[in-house]
Amino acid sequence: MRNRAAIALLLLTTTSISLARAATPDIEHASIDELKKRDAALEKEKAAIRKRLRELSRKQGGAFERGAAKLFPNPPDSPAADPEKTSFCNQDQRLFVRADSLDNFLYMAPSAENATGASVSYTGDRVGRSDTLAVDGQVSYVLFRDLCPDTPKQYIPFVSGWAVVPFVSASGSLTSPRARSEESSTKAGVDTQFELARSFGIFGDFPLRQVFTFSPYYQTDFRGEARAWGFNGYWDAYDLRYHLGGYLKTDPYLGWFVQIRGETDIRQVDIPGVTGLTRSSYEWAGATARLTMVFLPFADVPDWLQNRFSFVATGKYFHDFNSGMDVSLYQALLKYKLNPYSSIGFEYTNGTDKDTLTYSRKYLVKLLYAQ
């Protein structure tokens, strides 16, 4: 890299001297307009060389950045984007609004258009004289992140990305007057993520990249009555070749990817509140799988159909080693995109959430938002 910068600098100096020498013999006889034109041409040439020098000196992205060019390519027939603005090294998004932690991969993928999204709904029962506010989502803010560490020349394991991100997540409902069926959970914590590339694949070089997340958290409920604290550990696999964690946008009719996560959750509950938990400790271990399908992503169809419909299916299973209890949760969501950030969806849920230990079987129409 230093050699490239030195060569470019030498080229800049040489070109400036050459142009100056070429113009010298005619300077005494040149008019003011000619001198201005020559000066403008010289400045233009110097600007072009400076731009090339910046390109050669700019930090080269790691494995994540190079893979992202395939994951998020420019749409067909669109003008080429400025590399300085689209480089993952220069991403400036800090605030993320998503459905849950699985909706974020190093807080950069999936993109907002492919994310499940957070939801808020309100129900006013004028006959029963009750009101219900339901929330399901996570808000995160990136404090520190590096998605483009240098890639070693040797084929050895290395940290190819990391992030430190505080978050607040909420799931459940708040009723007025207070209902016996009310349950909710609110968590505040910090995600510390790092990605390993070329590292101890399960089958040879599969998966290409693995992300490990460590998240201490404090848990309460919507009324602030519950008190618990715990620690989450996540493992995520990522390999574009097999639609794992992302996909190459090559099929105009169907885009799809699968997310697989292993998880441990060690939790101590002091006051259950309305979470549905009991005053005890929990030692959860389990897994989550999610399938996302995007229909007609860039097919030659009307705008109201192109990249509008998507389907998200999620399955969770956990075992508590302290009590011997097993819980599972299944969700299916069909949504229609209203704009790049908002969607309307129809969701079916069946199972028990380990954060509240409340069984539910319900159908919901939801307004979803992802950023």
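Trainee: How does Tyr141 count at 44% relative accessibility: buried, partly exposed or exposed?
Mentor: Keep in mind that this is a predicted model. Buried would need under 20% relative accessible area and exposed over 50%. Tyr141 comes out at 44%, so the label is partly exposed.

Trainee: Okay, and which strands give two or more residues to the nonpolar patch?
Mentor: The patch covers about 630 Å² of surface, and its members include Tyr141, Val159 and Trp162. Tyr141 sits in strand E3. The elements giving two or more residues are strand E3 (130-141) and strand E5 (158-176).

Trainee: Switching to charges, how far apart in sequence are the parts that Lys366 and Asp136 tie together?
Mentor: Those two side chains meet in a salt bridge, 3.8 Å from N to O. Lys366 belongs to strand E14 (residues 358-369) and Asp136 to strand E3, so the parts tied together are separated by 230 residues.

Trainee: Which residue forms a salt bridge with Glu225?
Mentor: Glu225 is in the loop between strand E7 (209-220) and strand E8 (227-238), while the partner lies in the loop between E5 and strand E6 (184-197). The closest N and O atoms are 3.1 Å apart, and the partner is Arg178.

Trainee: How many salt bridges does a search of the whole structure find?
Mentor: Some are linked in a network, with Lys187, Glu263, Lys354 and Asp355 among its residues. Lys354 and Asp355 pair at 3.6 Å, N to O. The search of the whole structure gives 17.

Key:
Residues are numbered from 1 along each chain as its sequence is written. This is a predicted model: local features need pLDDT of at least 70, side-chain atom pairs count only at pLDDT 80 or more; totals for chains, interfaces and linings use all residues. Side-chain values use heavy atoms; hydrogens and water are left out. Patches are made of residues with over 30% relative accessible area and no salt bridge: like charges are joined within 9 Å, nonpolar side chains (Val, Leu, Ile, Met, Phe, Trp, Tyr) within 5 Å. Accessible areas come from the Shrake-Rupley method with a 1.4 Å probe; for residues, only the protein chains shown count as cover. A salt bridge is a side-chain nitrogen of Lys or Arg within 4 Å of a carboxyl oxygen of Asp or Glu. Helices (H or I, at least four residues) and strands (E, at least two) are DSSP runs, numbered from the N terminus. Buried means under 20% relative accessible area, exposed over 50%, partly exposed in between (1.4 Å probe, protein chains only).
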